Amino acid sequence: MNSPFLIAGELEAGSHRLVQRVYYEDTDFSGLVYHARYLHFLERGRTDYLRCLGVEQRELLNADEEGLVFVVHRMEIDFRGPARMDDLLTIRTATEKAGGAKMVLSQEIRRGETLLIAAKVIIAVINAKGRPRRLPEKLAAQMLTASESGG
């Protein structure tokens with residue numbers, strides 16, 4: 001691919017798409033991406049997904065007296081194949097559910113057409129004191145609409 005990538009990725013085809021290169025620091029002694037580094041790639045995908053929706057997490061924390069924070073509650077990951085140094089990876093993120101005090105996101109990491117990682121991430125919505133808080137309806141609707149239509 002010769003086209004430049006947007007640093008925060010883009011919303012398209014019902015999901016957020018972020019391209020990341022694998023660097024030496026992402027690999028272990030075997031030259032493969034160390035399994036825990038995939039968590040970093042997935043986190044970047046979730047963060048930039050919100051950013052492309054116009055949501056800045058730092059602003060949510062200070063948006064009102066209660067604050068709004070997202071934390072990973074549960075994550076299921078299927079490791080299907082390895083990535084190697086210099087690979088270009090595409091991280092896709094889509095909302096399966098958003099409402100109440102949680103969100104369910106599906107994520108995948110691919111090298112070209114090859115699926116390397118499939119993940120389901122349950123995000124708890126809490127306030128600045130760590131107590132459950134409802135996801136604002138407008139934000140929930142925005143996330144669901146983006147995942148249905150691609151933006």
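A nonpolar core is a set of buried Ala, Val, Leu, Ile, Met, Phe, Trp, Tyr and Cys residues joined through side-chain atoms within 4.5 Å. The legends below describe close-up views of a predicted model.

**Figure 1. The largest nonpolar core of the predicted model contains 31 residues.** Within this core, the residues with the most contacts are Phe 41, Phe 70, Ile 109, Leu 135 and Met 143. Helix α1, strands β4, β5 and β6, and helix α3 (137–149) each contribute at least two residues to the core. Strand β6 provides the largest share, namely six residues.

**Figure 2. Met 143 is one of the core residues with the most contacts.** Leaving aside residues up to four places away in sequence, Met 143 touches Tyr 49, Leu 50 and Leu 53, and also Thr 95, Met 103 and Leu 105.

**Figure 3. Strands β4 and β5 form a hairpin.** Strand β4 covers residues 88–99 and strand β5 covers residues 102–111; the two pair in the antiparallel sense over nine bridges.

**Figure 4. Strands β5 and β6 form a hairpin with two residues between them.** Strand β6 spans residues 114–126 and runs antiparallel to β5, to which it is joined by 10 bridges. Among the residues paired here is Arg 110, whose bridge partner in β6 is Leu 115. In this hairpin, Gly 112 adopts a positive phi near 60°.

**Figure 5. Cys 52 lies in helix α1, which comprises residues 37–52.** Is Cys 52 buried, exposed or partly exposed? The relative accessible area of Cys 52 is 28%; because buried means under 20% and exposed means over 50%, this residue is classed as partly exposed. Cys 52 touches Ala 8, Gly 9, Glu 10, Leu 11 and His 16, when residues up to four places away in sequence are not counted. Of these contacts, Gly 9 is 43 residues from Cys 52 along the chain, yet their C-alpha atoms are separated by 7.5 Å.

**Figure 6. Residues 31–117 are listed by UniProt, in an unreviewed entry, as "domain: Thioesterase".** Over this stretch the chain is 24% helix and 43% strand.

Key: Residues are numbered from 1 along each chain as its sequence is written. This is a predicted model: local features need pLDDT of at least 70, side-chain atom pairs count only at pLDDT 80 or more; totals for chains, interfaces and linings use all residues. Side-chain values use heavy atoms; hydrogens and water are left out. UniProt positions are given in the numbering used here, feature names are shortened, and annotations may be inferred rather than shown by experiment. Helices (H or I, at least four residues) and strands (E, at least two) are DSSP runs, numbered from the N terminus. Buried means under 20% relative accessible area, exposed over 50%, partly exposed in between (1.4 Å probe, protein chains only). Contact means heavy atoms within 4.5 Å. Two strands pair if DSSP finds at least two bridges between them.
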